[in-house]
Amino acid sequence: GIPADSVRAVESTIGTTGNARVAQEYIESHKEELGDVSTVEIMTNDYHMLRAWIIFSLQMLRDTASKELAVTEEDKEQIKSLLREGLNAEGDAYPAMMKETREQVMEILKEYFKESKIRVKPLVAEEVLEKDGDAARARYAEQLRKSKMVRATLVYEYGGIRDLLDGKYKVR
């Protein structure tokens, strides 16, 4: 459902933080062509979306409002609790819990990004695959969510989020 002429692929080999920085640099360097950009949509897998959304939102906050992310200790603890609970889900509850955790954490953090002039909208790859009604794509999305690799990777994703909130994960 995204118009082809609104998709911009920018190259970066520096991971999520590099991708966020390159995206912001692209927006800035193509301001005349793009005009005032108020929303950037990012697409990635369900397990990676929360950390990606936080990093992209932080980059946009820094570059458009000259602000740093400063989360209260109370909100940090609430987020860390949600992340722990999200990792404890088992079986069929696990994929739904991943989405629920993402949405709850984003709800807490969106207030911290409100001064940013560019909002980051998540497009979860698995949800996009499920929306078009194709049964094979829906099965593939389900397999992605239930993969053992996804579960193992989610531990690192959530650890990265905790480290970011604690100032241990540097986002340039």
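Visitor: Leaving aside its neighbours within four places in sequence, which residues is Leu144 in contact with?

Guide: Contact means heavy atoms within 4.5 Å. For Leu144, with those neighbours set aside, the partners are Asn45, Glu126, Leu129 and Val150. Before we go on, this is a predicted model, in which local features need pLDDT of at least 70 and side-chain atom pairs count only at pLDDT 80 or more, while totals for chains, interfaces and linings use all residues. Residues are numbered from 1 along each chain as its sequence is written, and side-chain values use heavy atoms, with hydrogens and water left out.

Visitor: Where is the place of Leu144?

Guide: Leu144 sits in helix H7, residues 135–146. Helices (H or I, at least four residues) and strands (E, at least two) are DSSP runs, numbered from the N terminus. Distance in sequence and distance in space are separate things to read: Leu144 and Pro95 are 49 residues apart in sequence, and their C-alpha atoms are 9.6 Å apart in space.

Visitor: At what angle do H3 and H8 pack?

Guide: Axes are lines fitted to C-alpha atoms, for helices over the stretch in contact, and angles run from 0 to 180 degrees between N-to-C directions. Helix H3 (residues 46–65) packs on helix H8 (residues 148–165) at about 20 degrees, and the axes are 8 Å apart. H3 is therefore roughly parallel to H8. Here are the cut-offs: under 35 degrees is roughly parallel, over 145 roughly antiparallel, 65 to 115 roughly perpendicular, and the rest oblique.

Visitor: Is the crossing of H3 and H8 left-handed or right-handed?

Guide: A crossing is left-handed if the near helix is turned anticlockwise from the far one by less than a right angle, and right-handed if clockwise. H3 passes H8 in a left-handed crossing. Among the residues making the contact are Leu50, Ile54 and Ile55 of H3 and Leu154, Ile161 and Leu164 of H8. By class, this contact has 9 nonpolar, 3 polar and 2 charged residues. In that count, Ala, Val, Leu, Ile, Met, Phe, Trp, Tyr, Cys and Pro are nonpolar, Asp, Glu, Lys and Arg are charged, and the others, Gly among them, are polar.

Visitor: How far apart are the axes of H1 and H3?

Guide: The axes of H1 and H3 are 9 Å apart, at an angle of about 40 degrees. That makes H1 oblique to H3. The crossing of H1 and H3 is right-handed. Ala20, Ala23 and Ile27 are among the H1 residues in the contact, and H3 brings residues including Ala52, Ile55 and Phe56. The contact of H1 with H3 divides into 7 nonpolar, 7 polar and 3 charged residues.

Visitor: Which helix packs with H8 at about 175 degrees?

Guide: That is helix H4 (residues 73–88), with its axis 11 Å from that of H8. H4 and H8 are therefore roughly antiparallel to each other. Ile79, Leu83 and Leu87 are among the H4 residues that meet H8, where the partners include Leu154, Tyr158 and Ile161.

Visitor: How much space lies in the largest pocket?

Guide: Rolling a probe the size of a water molecule over the atoms shows where empty space is left. The largest pocket holds about 840 Å³, a volume being the space filled by probe spheres set on grid points joined across faces, edges and corners. A pocket is an open set of points, on a 1 Å grid over the protein atoms alone, where a 1.4 Å probe fits, with protein on both sides within 12 Å along at least five of seven lines; lining residues have an atom within 4 Å of a point. Strand S1 gives the largest share of the lining, 6 residues.
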